[in-house]
Amino acid sequence: MEKINCNVIQDILTLYIDDTVSDDTKALVEEHLQNCEGCRRLYNELQEEIMVPVEIKGDNKEIKELQDFKRFLLRKRIRTILLSVFGSVICLAGIIIYMNQHITYINYRDAGITIYKEDSDSVYYKTEIRGNYSQEVSLDEETGVGTIYFKQSLWDRYIACLFYPFDHIHCIIKKDQIKKMYIDSDGTEITIWEASDKEKEHYFSQDRNQPLG
């Protein structure tokens, strides 16, 4: 016989306790309870909450009303827990969406860009931006001028950096460009690095059909 999922058994446990299920269903539940400790523990807890103690006096109507009330309280508690979990998931999803959509443009002054290493082939610069961020770059091969700007979401700033932090180091390959400009939010262009006259002459002497990098 195919094994019944615990969720299915737990959904019908109260009906089983009330003896309102068919004989076939009762047999399935009993077989499952024999082999599943978790469902058996839940069954015992439900029995303690739902079943009326033997000491209770009164006619059958009063006993049934008390049983119905206890079942009502149990179902209400389960419903409250499920609604709380669902509400928490919705709130968390909303926060994540908001943090990813709330994007801030990082100005040059706030980026704290500094050149810290240069050799014959490359220039390395780093930023002082808190958290992670994304970048938009472009390159005009005819002029050799590359542009860049950084932007940052709340998620990048406060959450993403906890799991995979950036080293905040960027590289300019000299044979690909002779000038690097940062574009501020108002359109102002600030020079990050500019090649020497000799490097510029070498750049324009290259075959521009060669791949970059």
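Buried means under 20% relative accessible area, exposed means over 50%, and partly exposed lies in between, with a 1.4 Å probe and protein chains only. This is a predicted model, in which local features need pLDDT of at least 70, side-chain atom pairs count only at pLDDT 80 or more, and totals for chains, interfaces and linings use all residues. Residues are numbered from 1 along each chain as its sequence is written, and side-chain values use heavy atoms, with hydrogens and water left out.

**Exercise 1. Thr127**

Task: Classify Thr127 as buried or exposed, then list its contacts.

Solution. 
- Step 1. Thr127 has 4% relative accessibility, so it counts as buried.
- Step 2. Locate it: Thr127 sits in the loop between strand 3 and strand 4 (134–140). Helices (H or I, at least four residues) and strands (E, at least two) are DSSP runs, numbered from the N terminus.
- Step 3. Leave out residues up to four places away in sequence. Thr127 then touches Ala111, Gly112, Ile113, Tyr133, Phe150, His168 and His170. Contact means heavy atoms within 4.5 Å.
- Step 4. Look for a polar contact. The side chains of Thr127 and Tyr133 make one at 3.0 Å. The term covers a pair of N or O atoms within 3.5 Å; within protein, one must be able to donate a hydrogen and the other to accept it, and residues adjacent in sequence count only if both atoms are side-chain atoms.

**Exercise 2. Strand pairing**

Task: Find how strand 3 pairs with strand 2 and with strand 6.

Solution. 
- Step 1. Apply the criterion: two strands pair if DSSP finds at least two bridges between them.
- Step 2. Strand 2 (residues 114–118) and strand 3 (residues 122–126) are antiparallel, with four bridges. Glu118 has Val123 as its bridge partner in strand 3. The hairpin between strand 2 and strand 3 runs through three residues.
- Step 3. Strand 3 and strand 6 (residues 169–173) also run antiparallel, joined by five bridges. Here Tyr125 is opposite His170 in strand 6.

Task: Describe the hairpins of strands 4 and 5 and of strands 7 and 8.

Solution. 
- Step 1. Strand 4 pairs with strand 5 (residues 145–153) in the antiparallel sense over seven bridges.
- Step 2. Four residues lie between strand 4 and strand 5, and Gly144 in the turn has a positive phi of about 75 degrees.
- Step 3. Strand 7 (residues 179–183) and strand 8 (residues 189–194) are antiparallel, with five bridges. Ile183 has Glu189 as its partner in strand 8.
- Step 4. Five residues separate strand 7 from strand 8 in this hairpin, and Gly187 in the turn has a positive phi of about 95 degrees.

**Exercise 3. Backbone angles**

Task: State the phi of Asp19 and of His168, and place each residue.

Solution. 
- Step 1. Recall the background: most residues other than glycine have a negative phi.
- Step 2. Asp19 is not a glycine, yet its phi is positive, about 60 degrees. Asp19 lies in the loop between helix 2 (13–17) and helix 3 (23–35).
- Step 3. His168 is not a glycine either, and its phi is positive, about 65 degrees. His168 lies in the loop between helix 7 (154–163) and strand 6. His168 has 12% relative accessibility, so it counts as buried.

**Exercise 4. The largest pocket**

Task: Describe the volume and lining of the largest pocket.

Solution. 
- Step 1. On a 1 Å grid over the protein atoms alone, a cavity is a set of points where a 1.4 Å probe fits but cannot get out; a pocket is an open set with protein on both sides within 12 Å along at least five of seven lines; lining residues have an atom within 4 Å of a point.
- Step 2. The largest pocket holds about 370 Å³. Grid points are joined across faces, edges and corners, and the volume is the space filled by probe spheres set on the points.
- Step 3. The lining has 14 residues; Gln10, Leu42, Leu46, Leu74 and Ile78 lie nearest the centre.
- Step 4. Helix 1 (6–11), helix 4 (37–50) and helix 5 (60–101) each give at least two lining residues. Helix 5 has the largest share, six residues.

**Exercise 5. Asn100**

Solution. 
- Step 1. A polar atom of the Asn100 side chain lies 2.9 Å from the backbone oxygen of Ile96.
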